[in-house]
Amino acid sequence: MPNRKKPLVVVTRRLPDVVETRMRELFDARLNIEDAPMSREALAAAMADAEVLIPTVTDAIDAELIAQAGAQLKLIANFGNGFDHIDVAAALARGITVTNTPGVLTEDTADMTMALILAVARRIAEGARIVPDDAWSGWSPTWMLGHRITGKRLGIVGMGRIGTALARRARAFGLSIHYHNRRRVDSAIEEQLEATYWDSLDQMLARMDIISVNCPHTPATYHLLSARRLKLMRPTAIIVNTARGEIIDETAMARLIEQGQLGGAGLDVFEHEPAVNPRLIKLARAGKVVLLPHMGSATYEGRVEMGEKVIVNVRAYVDGHRPPDRVLPSML
Ligand code: 8YV
C-alpha cells in the first residue's frame, strides 16, 4: 500500500472473524462486535467520520444521510449484492463510489431457491414439524401428499446470474425452463438450458406451474408482480422469492392464496423486513406458504467470500484504483 495513513473504515455489522481480522490488518477498521443494527443516528455519526462505510442490507442509506455525510466519505462498499437500501444516485452525485459483492452468492442463493420450490411443492416444512411435535401416528397412502415437480414448467423472472444458476438446477430436477428478462440471454445459454423466452411477463405468468423471482429490486421492478399480474397465474401455481420482498405485492399474494386462487409460496425475503405480514404467518401455520428469515446467501463460505470482495474493493480504492465492483448508473 502507498505510504498513507490507514483509512477509517466503519463496518456496520459483525462479519466473519477472518474477514474482520484482515480488515483490521489493512485498514483502521471500526468493528461492530455486538452486531446490533446501527440506528440512523449511529449511521449518520459513522458517515460523518469514515472514509469508507461497509453497510449491509439492514442499513438504509438514503439521500438525507448521504447529504449529511462528511466530505471525507469516498466509498460505500456494500457487504451484499443487492443495493436497493442505498440511494446510489445520491451517493454518485456527491462523488461517493458504491460497490457491491456480485458473483459470490449466486450458487448459494440458487440452492435456497430450489430448496423453497421443493419445500412448497412437497410440503417439507410442514412434514418436518410433525415428528418433533409428536404428531405422527404412522404412514398413510393419502396423507401429506404434495405435488411432483418433474415435468412442470418453471418461469424465472430475471435471468441474471442467480436465475441462470437456478435454471441449471431446475433442469436436473426435470423442470422445463421459461424466463422473462429485460434482455434475451445469449442463444448458446438459451440452447443449453432449453429455455423459452417470454417478452411478455403477463403471458408467461398465465402458463407456469412455478414462478421464481430472481431480479433486482429497482423502481421498475417494485410490485412487478402486482395484484393484476398475480391474478393471471394458475390457481395451482406457486411463487418463490429469494430476491427482494418489494417485487411482489405481498398483501395481494396472501389474499389470493387465502382464497385458493394461488397454490402457495416460498419466501426468503419480505416487503418490510424483519416485519412479516401477519397474513403470511397465518398461511405458514396452515402449511400454505414456507417462510425463511432472509438466509438465501447464508453459508460460511459465501459470507467469507463476500467479505473478501469487500476488502478487494476497499483496497483498490485505497491504492488509488477504481474498485472492480462499482455500481454504475446503468445498473440503477
Ligand atoms: C445478503 C442479499 O445476505 O446480497 C444480497 O443482496 O440479499 C443477501 O443475500 C445481504 O444483502 C447482506 O447485506
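This is a predicted model: local features need pLDDT of at least 70, side-chain atom pairs count only at pLDDT 80 or more; totals for chains, interfaces and linings use all residues.
Modeller: Local features need pLDDT of at least 70 and side-chain atom pairs count only at pLDDT 80 or more, while totals for chains, interfaces and linings use all residues. Residues are numbered from 1 along each chain as its sequence is written, and side-chain values use heavy atoms, with hydrogens and water left out.

Biologist: How many nonpolar, polar and charged residues are in the shell around the ligand?
Modeller: The residues around the ligand include Thr 56, Phe 79, Asn 81, Leu 105, Arg 244 and His 294. Ala, Val, Leu, Ile, Met, Phe, Trp, Tyr, Cys and Pro count as nonpolar, Asp, Glu, Lys and Arg as charged, and the others, Gly among them, as polar. By class, the shell has 3 nonpolar, 6 polar and 2 charged residues.

Biologist: What percentage of the ligand's accessible area does the protein cover?
Modeller: Ligand oxygen atoms lie 2.7 Å from a polar backbone atom of Gly 82, 2.7 Å from a side-chain N or O atom of Ser 297 and 3.0 Å from a polar side-chain atom of Arg 303. On its own the ligand has 320 Å² of accessible area (Shrake-Rupley method, 1.4 Å probe). Of this, the protein covers 89%.

Biologist: Is Glu 190 buried or exposed?
Modeller: Glu 190 is found in helix α8 (residues 187-193). Leaving out residues up to four places away in sequence, Glu 190 touches Tyr 179, Arg 184, Val 185, Ala 195 and Tyr 197 (contact means heavy atoms within 4.5 Å). Because its relative accessible area is 10%, Glu 190 is classed as buried.

Biologist: Which side chain makes a polar contact with the side chain of His 217?
Modeller: His 217 lies in the loop between β9 and α10 (227-230). Beyond four places in sequence, His 217 is in contact with Asp 84, Tyr 222, Arg 244, Glu 246 and Ile 247. A polar contact is a pair of N or O atoms within 3.5 Å; within protein, one must be able to donate a hydrogen and the other to accept it, and residues adjacent in sequence count only if both atoms are side-chain atoms. At 2.8 Å, the partner of His 217 is Asp 84.

Biologist: Which residue does a cis peptide bond join to Glu 273?
Modeller: Omega of this bond is about 0 degrees. The residue in question lies in the loop between β11 and α12. It is Pro 274.

Biologist: What is phi of Arg 123?
Modeller: Arg 123 lies in the loop between α5 (106-121) and α6 (124-130). Arg 123 is partly exposed, because its relative accessible area is 27%. Its phi is positive, in a residue other than glycine, and is near 55 degrees.

Note on methods. A residue is near a molecule or strand if one of its heavy atoms lies within 4 Å of it. Helices (H or I, at least four residues) and strands (E, at least two) are DSSP runs, numbered from the N terminus. Buried means under 20% relative accessible area, exposed over 50%, partly exposed in between (1.4 Å probe, protein chains only).
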